[in-house]
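Open the model in your viewer and keep the selection tool at hand. The tour goes stop by stop, with something to select at each.

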Amino acid sequence: MVNKGIGGSTAKQWADSPDHVKTIVALEGGKDVEYMWVSVGGNDAKDELPGCQLAGGTKDECVAKVIAGVMADTKKFIDPVVEAYPDIKIFQFGYDILNVRACVR
């Protein structure tokens with residue numbers, strides 16, 4: 001097992017270099033890699049929710065915006081992996097962003 005995570009990173013940052021994750025898989029064995037674990041969303045929410053609300057968005061609008069952004073950004077860096085390694089099993093863990101609404105005022 002290899003951990004190539006970068007603490008504090010966001011889905012948006014990983015999406016800026018969409019082939020980066022595919023390259024990591026290639027360097028760790030390519031087609032021999034059976035599983036990939038992805039955990040994104042928490043840092044995106046932490047970075048984006050306050051500014052969204054300061055700009056006048058409601059908590060529901062801001063949470064929906066963050067979720068849509070995380071989904072779109074994750075697709076950008078996951079799609080190249082799936083294209084190159086169609087048999088890889090990807091486990092995506094995120095954060096319970098919906099419960100963030102209780103914390104966002």
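**Stop 1: the kinked helix**

Select isoleucine 78 in H4: a kink of about 30° lies there, shortly before proline 80. Keep in mind that this is a predicted model.

Now widen the selection to all of helix H4, residues 59–84. The helix has 26 residues. From its first C-alpha to its last it reaches 38 Å, close to the 38 Å expected at 1.5 Å a residue.

Which residues of H4 are buried? Color Cys62, Val63, Val66, Val70, Asp73, Thr74, Phe77, Ile78, Pro80 and Val81.

Aspartate 79 counts as partly exposed because its relative accessibility is 35%, between the cut-offs of 20% and 50%.

**Stop 2**

Is it buried or exposed? Valine 66 is buried, because its relative accessible area is 2% and the cut-off is under 20%.

Glutamate 48 is partly exposed, at 27% relative accessible area.

Next, show lysine 12. Glutamate 48 forms a salt bridge with lysine 12, and their closest N and O atoms are 3.4 Å apart. This pair links distant parts of the chain: glutamate 48 sits in helix H3 (residues 42–54) and lysine 12 in helix H1 (residues 11–15), 36 residues apart. Lysine 12 is partly exposed, with a relative accessible area of 40%.

Now select lysine 46 and aspartate 47. They form a salt bridge too, with the closest N and O atoms 3.5 Å apart. Lysine 46 is exposed, at 57% relative accessible area. Aspartate 47 counts as partly exposed, at 46%. The total count comes to 5 salt bridges.

**Stop 3: the strands and their patch**

Select E1 and E2. These strands run parallel, and 5 bridges join them.

Look at the two faces of E1. Met36 and Val38 make the covered face. Tyr35, Trp37 and Ser39 make the uncovered one.

Zoom in on tryptophan 37, in strand E1. Tryptophan 37 is exposed, since its relative accessible area is 61% and the cut-off is over 50%. What is its bridge partner in E2? Phenylalanine 91 is the partner.

Now show Tyr35, Trp37, Phe91 and Phe93 as a surface. They make a nonpolar patch of about 500 Å². Strand E1 (35–39) and strand E2 (89–93) each supply at least two residues of this patch.

**Last stop: the whole chain**

Zoom out and color by secondary structure. The protein chain has 5 helices and 2 strands. From the N terminus on, the order is α-α-β-α-α-β-α. Finally, color by accessibility: buried residues make up 33% of the 105 residues in the chain.

Methods:
Residues are numbered from 1 along each chain as its sequence is written. This is a predicted model: local features need pLDDT of at least 70, side-chain atom pairs count only at pLDDT 80 or more; totals for chains, interfaces and linings use all residues. Side-chain values use heavy atoms; hydrogens and water are left out. Patches are made of residues with over 30% relative accessible area and no salt bridge: like charges are joined within 9 Å, nonpolar side chains (Val, Leu, Ile, Met, Phe, Trp, Tyr) within 5 Å. Accessible areas come from the Shrake-Rupley method with a 1.4 Å probe; for residues, only the protein chains shown count as cover. A salt bridge is a side-chain nitrogen of Lys or Arg within 4 Å of a carboxyl oxygen of Asp or Glu. Helices (H or I, at least four residues) and strands (E, at least two) are DSSP runs, numbered from the N terminus. Buried means under 20% relative accessible area, exposed over 50%, partly exposed in between (1.4 Å probe, protein chains only). The expected span of a helix is 1.5 Å times one less than its number of residues. The bend at a residue is the angle between axes fitted to the seven residues ending there and the seven starting there. Two strands pair if DSSP finds at least two bridges between them.
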